[in-house]
Amino acid sequence: MKFAIFGNTYQAQKSSHAENLFKLLESRGAEVYICREFYHFLVSDLQLNVPAAGLFDGNDFTADMVISIGGDGTFLKAAKRVGNKSTPILGINTGRLGFLADVSPEEMEVAIDEIYAGRYTVEERSLLQLICDEKHLQSSPYALNEIAILKRDSSSMISIRTAINGAFLTTYQADGLIISTPTGSTAYSLSVGGPVIVPQSKTIAITPVAPHSLNVRPIVICDDWEITLNVESRSHNFLVAIDGSSETCKETTQLTIRKAPYAIKVVKRYDHIFFDTIRSKLMWGADTRK
């Protein structure tokens with residue numbers, strides 16, 4: 001098999017996991033291509049001997065499967081590079097929570113064996129697309145987790161006039177608004193009170209950040225509907241964060257958010273069950289009393 005490898009370049013103390021991954025792939029005769037930035041981190045900074053058939057930059061690669069070794073942030077970066085290639089991505093978690101990258105280092109060898117045996121599943125995850133006339137936002141307009149509209153300064157709220165398929169919903173007076181996919185429902189959206197959404201549900205969640213009105217609540221809509229946002233701010237600008245990468249935007253800019261025309265394929269172990277993940281990661285039902 002031919003693999004393209006992306007990795008976290010800030011976790012020197014966890015380099016042994018990457019070293020083990022390359023040994024596992026080499027022992028199986030895999031053809032391994034590595035993101036140049038990650039390769040230089042391993043070789044130059046960590047002094048590791050890394051066998052590679054070649055290096056690549058950006059999205060200039062072809063592979064049977066992508067492996068992301070790091071946390072969910074590393075997985076998101078890998079997904080951005082994969083784009084519309086339809087290459088499935090396996091996430092090995094050396095970070096903290098790990099919803100996207102959910103194979104632990106201890107499970108790595110078994111997971112690789114299962115992949116070679118064809119015992120794995122592939123889940124399609126929807127993305128969001130941002131459409132506007134700001135060129136710097138259109139260079140990378142796709143989000144696997146969320147698109148967040150946020151105030152730029154630390155004092156005053158922003159007003160976000162929101163319409164669904166052209167029909168007025170409400171004007172949020174808040175610190176921001178998070179538009180999330182089901183995949184992103186367990187990320188930023190969850191931290192501000194948004195719902196946990198099953199990945200296959202074909203929905204989009206709209207969750208306000210610190211709304212001024214207590215009777216404003218998150219809402220879940222169909223993912224083939226279109227969201228239009230117009231923002232007003234005392235500073236006359238605001239932030240747009242696409243999967244955590246933020247840019248400043250002028251308040252005169254109208255934002256349109258819709259489902260992207262392609263999906264990301266996520267590799268899961270054959271016995272993976274979403275409800276097991278939320279119980280273990282979010283400790284649902286756990287009694288923390290001493």
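Reader: Which residues does I34 touch, not counting residues up to four places away in sequence?

Author: In this predicted model, I34 has its place in strand β2, which covers residues 31–35. Once residues up to four places away in sequence are set aside, the residues that I34 touches are I5, F22, Y39, V50, P51, A52, G54, L55 and F56.

Reader: Is I34 buried or exposed, and what is its relative accessible area?

Author: A residue counts as buried when its relative accessible area is under 20%. I34 falls below that cut-off and is therefore buried, with a relative accessible area of 0%.

Reader: What distance separates the C-alpha atoms of I34 and F3?

Author: Along the chain, I34 and F3 are 31 residues apart.

Reader: Which residues touch the most other members of the largest nonpolar core?

Author: The largest nonpolar core has 49 residues, and a second, separate core of 26 residues includes A143, I147, I149 and V240. For F38, the residues touched beyond four places away in sequence include I5, F6, A18, F22 and I69. Within the largest core, the two residues that touch the most other members are I5 and F38.

Reader: Among contacts between residues at least 6 apart in sequence, what percentage join residues at least 24 apart?

Author: The chain holds seven helices and 17 strands, and buried residues make up 50% of its 290 residues. Among the contacts between residues at least 6 apart in sequence, the share that joins residues at least 24 apart is 66%.

Reader: Where does N165 lie, and what is its phi near?

Author: Most residues other than glycine have a negative phi. N165 is in the loop between β9 and β10, and at 48% relative accessibility it counts as partly exposed. Although N165 is a residue other than glycine, its phi is positive, near 50°.

Reader: Does D243 count as buried or exposed, and at what relative accessibility?

Author: D243 lies in the loop between β15 and β16, and it has a positive phi of about 50° although it is not a glycine. Since the cut-off for buried is under 20%, D243 counts as buried, its relative accessibility being 16%.

Key. Residues are numbered from 1 along each chain as its sequence is written. This is a predicted model: local features need pLDDT of at least 70, side-chain atom pairs count only at pLDDT 80 or more; totals for chains, interfaces and linings use all residues. Side-chain values use heavy atoms; hydrogens and water are left out. Helices (H or I, at least four residues) and strands (E, at least two) are DSSP runs, numbered from the N terminus. Buried means under 20% relative accessible area, exposed over 50%, partly exposed in between (1.4 Å probe, protein chains only). Contact means heavy atoms within 4.5 Å. A nonpolar core is a set of buried Ala, Val, Leu, Ile, Met, Phe, Trp, Tyr and Cys residues joined through side-chain atoms within 4.5 Å.
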